[in-house]
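Q: I have a structure open and want to talk it through. Can we go step by step?

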Amino acid sequence: MTTAPAEAEVLAGSGPWQLARAELRRRTSVKVSLVIVVFFVLMAGGAPLLSGLGGWSPDEFDKTAVDPYLGGAPIGPLGGISADHWLGVEPVTGRDLFARVVQGAQVSLLIAFTATAIVVVAGTAAGIAAGYFGGRTDAVLSRLMDLTMSFPSLIFMIAMMSVAEDVNRIVLMIAVIGLFGWPGIARVVRGQTLSLKHREYVDAARVGGSGPWRILSRDILPGVAGPVIAYTTLIIPGMIATEAALSYLGVGVRPPTPSWGQMIADSVAFYDTDPMYFVIPSICLFLTVLAFTLLGDALRDILDPRGSRT
């Protein structure tokens, strides 16, 4: 009978991060989401090794795996799944679907993670500066946030990606997606900073002679870290979906570089003759976005409970 009070006492004496870890371990959905996230991150990180294990490169054609008399349909059941091609082959070309899915995971997650890093750094810096300094700084940065958010971002992304020629498409996509993503997290951080800058410990540091940089880095930034981490995990699935949407529309990653969105776009023409070509990359995209979304929701509920109620 004394176990519950003892546990409550331990939890009461724990810091926010200890409480967050305990709460995350308690939720089954979070455990499953973490397993899925780690699986796809390891897949992306080990893409060259995994492709080598499969025995095929993403751009290698296998004409013996498709039937030229049936419009290039894969030979065998379920899109040509066999001991040679673990997830089947791409229609017409015969490229190994396992190698392309694995390489596509690397491209899609690289774009999503890098764009998210740009968004988080830029948004956190702008939000802290606007909330702490106030006045003209707040006015300029807030108007810049409003201006950026007022753009029809998807249409503008499509236009920029369409007119850009002879550039690294991956770098361009990261820059374009990051350009329109920072105002949302900047507003969250600005509001959090406004509530922190008049706390007693911040006033004490200011009276003690600490400069703005020291206060921002040692007092304000740790206070906004929880909401930033929570919202970062919610931004990532949006970035993955944005990259997939741009590639699906034909203005993202260009062939022969694979990405999940590009593979889904190419599979539309074969959905009735080879549905596995559509199903496999779609499942990968769905599971990744779902896992990050569930993980982000859980972190937001724990680390930013006020934000989850708004």
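Q: Which residues form one aromatic cluster?
A: Phe 39, Phe 40 and Trp 260 do. Rings of Phe, Tyr and Trp (its six-membered ring) pair if their centres lie within 6.5 Å.

Q: Before I go on, what kind of model is this?
A: This is a predicted model, where local features need pLDDT of at least 70, side-chain atom pairs count only at pLDDT 80 or more, and totals for chains, interfaces and linings use all residues. Residues are numbered from 1 along each chain as its sequence is written, and side-chain values use heavy atoms, with hydrogens and water left out.

Q: Back to rings. How many aromatic pairs does the structure hold?
A: Nine. Take Trp 86 and Phe 98: the ring centres are 5.0 Å apart and the planes sit at 55°, so this pair is tilted. Planes under 30 degrees apart count as stacked, over 60 as edge-to-face and the rest as tilted.

Q: Where do Trp 86 and Phe 98 lie?
A: Trp 86 is in the loop between strand E2 (73–74) and H5, and Phe 98 is in helix H5. The pair therefore ties together parts twelve residues apart in sequence. Helices (H or I, at least four residues) and strands (E, at least two) are DSSP runs, numbered from the N terminus.

Q: Is Phe 98 buried or exposed?
A: Buried, with a relative accessible area of 14%. Trp 86 is partly exposed, at 39%. Buried means under 20% relative accessible area, exposed over 50%, partly exposed in between (1.4 Å probe, protein chains only).

Q: What about Tyr 132 and Phe 133?
A: They form an edge-to-face aromatic pair, 5.2 Å centre to centre with 85° between the planes. Tyr 132 is buried at 12%. Phe 133 is partly exposed at 44%.

Q: Tell me about H5. What should the helix span?
A: H5 covers residues 97–133, and its 37 residues should span 54 Å at 1.5 Å a residue. The expected span is 1.5 Å times one less than the number of residues. The end C-alpha atoms are 53 Å apart, which agrees.

Q: Why is H5 called largely enclosed?
A: Because 27 of its 37 residues are buried.

Q: What sits at the two ends of H5?
A: At the start, a side-chain oxygen of Asp 96 reaches to within 3.4 Å of the backbone nitrogen of Phe 98. After H5 comes Gly 134, with a positive phi, near 60°.

Q: New topic: how many salt bridges are there?
A: Seven. A salt bridge is a side-chain nitrogen of Lys or Arg within 4 Å of a carboxyl oxygen of Asp or Glu.

Q: Which residues does Arg 100 bridge to?
A: Asp 59 is one, at 3.6 Å, N to O. Glu 90 is another, with the closest N and O atoms 3.6 Å apart. Arg 100 is buried, with a relative accessible area of 1%. Glu 90 is buried at 3%, while Asp 59 is partly exposed at 43%.

Key:
Polar contact = N/O pair within 3.5 Å; in protein donor to acceptor, adjacent residues only side chain to side chain.
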